[in-house]
Amino acid sequence: MLKLNDVTLKYGSDYGVQGITMSLELGKIYGVLGRNGSGKTSLLSMISSFRQATSGSIMLNDQALFENEALTPMISFHYTKDQSYETRKLSKLLDEAAAFYPYFDKEYALQLTKTFKLSLNKKIYKMSKGMQSAVEAVIGLASRSPITIFDEVYLGMDAPTRTKFYKELLNDHTNHPRTILISTHLVSEMDFLFEEIIMIDHGKLLLHESNDDIISKGFSLTGEAAAVDHLTQGLSVLNTDQLGPTKSAMVFGSLSDELMQEAREADIEIGSVSLQDLFIHLTDNDREEE
Ligand SMILES: Nc1ncnc2c1ncn2[C@@H]1O[C@H](COP(=O)(O)OP(=O)(O)OP(=O)(O)O)[C@@H](O)[C@H]1O
């Protein structure tokens, strides 16, 4: 178990994240979702011991994580770096990754360079942004760290490359189960990867639930406007759209059997809602930037 208890990170007087408490079961793939500046990187950088929490505790298997020499080798943090000064060749970088990450599989890394069409003889700074991201993805996958963190590592990758990354990630997770945390804005494209969702909003934990549970709580009610309004009274309505006399309401919560019956009788159609739509509307609040 990875347990966070009331974790806060401050940058001077500003909050990166605030009072986050959650327990993560090991072995799953987690999607860390949040809008720009919501605190995803702040959270992930503390889990990877890149930053120390200002307050609160982060425990892995009941031991404090920060600078714990026995635990930190189990975790790797991958993000798209500025590689303008990285003059090493990919082959050298992989040799160094193999020496650095205790669970690194060099053979798999070499296989991945072929999958992503990366040249081992090419210097990193001479690669395109998408290729540099693919290099980070290769190192992250081949690290096989028991807790592997990808912080928006797809940046700059084109759609076919991202698709290869998702496929590799799922395949390799099946063959070598481990905990993977992936932060993203590309919710509709990546939702199939996630077993659990961690949604962050304004530095706070908005929700942490299984992907299936979240999806089962989102539904749309579409029909005659007055009937939809009547039916949604007292429910958590995230969004409404109206076209002429027809209204559609996006609701988050559970729909009782009585309400379902009422909907049928009022000719109201009950539909499902995607994770992306739920994400957009659950985090839809205008932020005052200072
Ligand atoms: N080094 C820093 N110094 C001061 N404030 C920071 C620093 N890094 C992040 N912040 C602030 O902390 C908050 C959370 O930022 P963070 O980078 O964790 O968000 P994010 O969800 O990863 O954003 P994005 O999706 O845009 O990458 C933001 O208000 C941001 O301005």
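These are my notebook entries on a predicted model of one chain.

**Entry 1: the whole chain**

I began with the overall layout. The chain has 290 residues, and 33% of them count as buried. I looked up the secondary structure and found 10 helices and 14 strands. Along the principal axes, the C-alpha atoms fill a box of roughly 65 × 40 × 40 Å.

**Entry 2: the record**

I checked UniProt next. Its unreviewed entry places the feature "domain: ABC transporter" at residues 2-227. In the model, the span 2-227 is 33% helix and 31% strand. I noted a distance of 46 Å between the C-alpha atoms at the two ends of this span.

**Entry 3: the two domains**

I looked up the domain assignment, which gives domain 1 (2-202) and domain 2 (214-282). Taken over C-alpha atoms, the centres of the two domains are separated by 36 Å. How many residues does each domain bring to the contact? I found six residues from domain 1 and six residues from domain 2. On the side of domain 1 that touches domain 2, α6 (187-190) and β9 (196-201) each supply at least two residues. I sorted that side of domain 1 by class and wrote down four nonpolar residues, one polar and one charged.

**Entry 4: around the ligand**

I listed the residues around the ligand. They are Tyr11, Asp14, Gly16, Gly34, Asn36, Gly37, Ser38, Gly39, Lys40, Thr41 and Ser42. Which element gives the most to this shell? My entry is α1, with three residues. I also noted that β2 (14-24) and α1 (40-47) each supply at least two residues of the shell. By class, the shell divides into eight polar residues, two charged and one nonpolar.

**Entry 5: the nonpolar cores**

The largest nonpolar core has 54 residues, and Val32, Leu43, Val138 and Ile149 touch the most other members. Helix α4 (residues 129-143) provides the largest share of this core, with eight residues. Domain 1 (2-202) and domain 2 (214-282) each give this core at least three residues. I recorded a second, separate core of nine residues, with Leu221, Val228, Met250 and Ile268 among them.

I followed up Val32 from the largest core. Leaving out residues up to four places away in sequence, Val32 touches Lys40, Leu43, Leu44, Leu181, Ile182, Ser183, Ile198 and Ile200. Two of these names were already in my notes: Lys40 is in the list around the ligand, and Leu43 is named with Val32 in the largest core.

**Entry 6: Ser220**

I picked Ser220, which lies in strand β11 (residues 218-224). Is Ser220 buried or exposed? It counts as buried because 20 C-beta neighbours lie inside 10 Å, and the cut-off for buried is 20 or more. Not counting residues up to four places away in sequence, Ser220 touches Ser248, Ala249, Met250, Gly271 and Val273. Of these, Met250 is also listed in the second core. I then took the distance from Ser220 to Met59. The two are 161 residues apart in sequence, and 39 Å lie between their C-alpha atoms.

**Entry 7: two positive phi angles**

I looked for residues other than glycine with a positive phi. Asp62 has a phi near 70 degrees. Asp62 sits in the loop between β4 (55-60) and β5 (63-64). Asp62 counts as exposed because it has 7 C-beta neighbours inside 10 Å, and the cut-off for exposed is 12 or fewer.

Lys117 was my next residue. Lys117 is not a glycine, yet its phi is positive, at about 55 degrees. Where is Lys117 placed? I found Lys117 in the loop between α3 (106-115) and α4. Lys117 is exposed, because 10 other C-beta atoms lie within 10 Å.

**Entry 8: Gln52**

Why does Gln52 count as exposed? Gln52 has 12 C-beta neighbours inside 10 Å, and a residue with 12 or fewer is exposed. I also took the distance from Gln52 to Leu90. They are 38 residues apart in sequence and 31 Å apart in space, C-alpha to C-alpha.

Definitions and conventions
Residues numbered from 1 in each chain as written. Predicted model: local features only at pLDDT ≥ 70, side-chain atom pairs only at ≥ 80, totals over all residues. Near = placed C-beta within 6 Å. Helix = DSSP H or I, 4+ residues; strand = E, 2+ residues; numbered from the N terminus. Nonpolar A, V, L, I, M, F, W, Y, C, P; charged D, E, K, R; others polar. UniProt positions renumbered as here; feature names shortened; annotations may be inferred. Core = buried A, V, L, I, M, F, W, Y, C linked by C-beta atoms within 7 Å. Domains from an automatic or database assignment. Contact = placed C-beta atoms within 7 Å.
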